[in-house]
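This report concerns selected helices and loops of one protein model. Please consult the sequence and structure shown here.

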Amino acid sequence: MSGVPQGSVLGPLLFILYTADLFDLVENDLFTYADDATLVAVARSPVDRLYVADSINRDLFAIDSWCVAWDMKLNASKSKTFVAGRSRTVLPYHPALTVGDAVLDESDSLMVLGVTFDPKLTFERHVRNIVSMASQKLGIIRKANRIFGDAAVTSGCFRSFVLPLLEYCSPVWSSAAESHLRLLERVVRCAMFVSPGCDLGDLTHRRTVGSLSMLYKIANNQRHPLHEHLPPPYVPTRVTRGSLAMHEYAFAPIRYRTYQYSRCFMLKVVRIWNSLNSLVFAADCPQGFKSRANRFLLTGSLAV
């Protein structure tokens with residue numbers, strides 16, 4: 001009696017229009033993709049846990065009431081609650097979240113658009129999932145090498161079926177520990193053992209260039225959701241050789257107290273961004289910036 005035909009061309013657009021007013025009902029941040037929704041709230045300290053849980057429960061009640069009013073169904077059995085943080089303070093406990101009369105189960109992981117988040121945001125589970133899926137895909141390369149015996153074919157299979165797994169959303173999870181990221185390099189070495197044409201070079205370098213390109217898009221798009229979270233422009237407090245060498249696009253350094261935080265996207269990429277040559281930013285498009293950044297990081301210059 002309600003809904004849109006699955007697989008139709010206009011279905012996703014009509015569904016977005018149908019649910020557009022849902023964002024005006026909630027107090028916290030609501031992120032949606034198709035018919036999946038993630039409600040996010042931040043507890044700045046343990047004493048805020050009760051208040052935050054109450055606000056989420058109010059949002060869940062508003063969403064459930066909206067669904068009833070508009071012939072939608074909120075499936076409580078498929079809804080989970082997930083707590084991420086590095087606080088060691090146990091009390092007060094995180095209160096339960098409810099949808100109607102159902103208490104939502106607490107999950108030890110959360111997958112959002114193919115990226116698995118763990119409670120400590122180490123992304124170890126996500127990296128291991130990547131390695132597991134990529135290892136299964138290596139069977140395609142072995143078959144291609146056995147049938148065709150052509151390095152170009154096996155390299156094409158690797159770049160089509162395995163490489164996307166190794167680099168999908170890397171700016172999000174590249175803050176994982178080095179011991180976990182090295183597991184991805186093992187996958188590449190296994191592929192190279194089957195066919196030398198699968199050599200990608202340095203995976204860390206590829207992830208760095210990808211993260212720089214993402215920061216470039218954020219900095220040059222004021223409507224980007226992360227634009228307001230950029231650090232302020234770099235303003236030297238005194239004249240030094242370091243401040244004179246800094247280019248005009250530099251950001252102020254971000255302070256940190258833990259080693260894990262130093263590996264997060266914004267902090268780590270801003271350090272590399274500030275070290276680039278000013279000529280890298282002469283590009284007038286993201287692809288041009290990516291090419292210049294890649295060349296500078298590989299050679300240390302932009303000479304042709």
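In which helix is His 205 found? His 205 belongs to helix α7, residues 203-219; helices (H or I, at least four residues) and strands (E, at least two) are DSSP runs, numbered from the N terminus. The model is predicted: local features need pLDDT of at least 70, side-chain atom pairs count only at pLDDT 80 or more, and totals for chains, interfaces and linings use all residues. Residues are numbered from 1 along each chain as its sequence is written, and side-chain values use heavy atoms, with hydrogens and water left out.

His 205 counts as buried because its relative accessibility is 16%; buried means under 20% relative accessible area, exposed over 50%, and partly exposed in between (1.4 Å probe, protein chains only). Beyond its neighbours within four places in sequence, His 205 makes contact (heavy atoms within 4.5 Å) with Asn 294, Leu 297 and Leu 298.

In helix α10 (residues 265-275), the buried residues include Phe 265, Met 266, Leu 267, Val 269, Val 270, Trp 273 and Asn 274. The elements covering the buried residues of α10 include α5 (170-173), α7, α9 (259-262) and α11 (286-299).

**Loop residues with positive phi**

Most residues other than glycine have a negative phi. Two exceptions are tabulated below.

| Residue | Phi | Loop between |
|---|---|---|
| Asp 71 | about 55° | α2 (49-69) and β3 (80-81) |

Asp 71 is exposed, since its relative accessible area is 55%.
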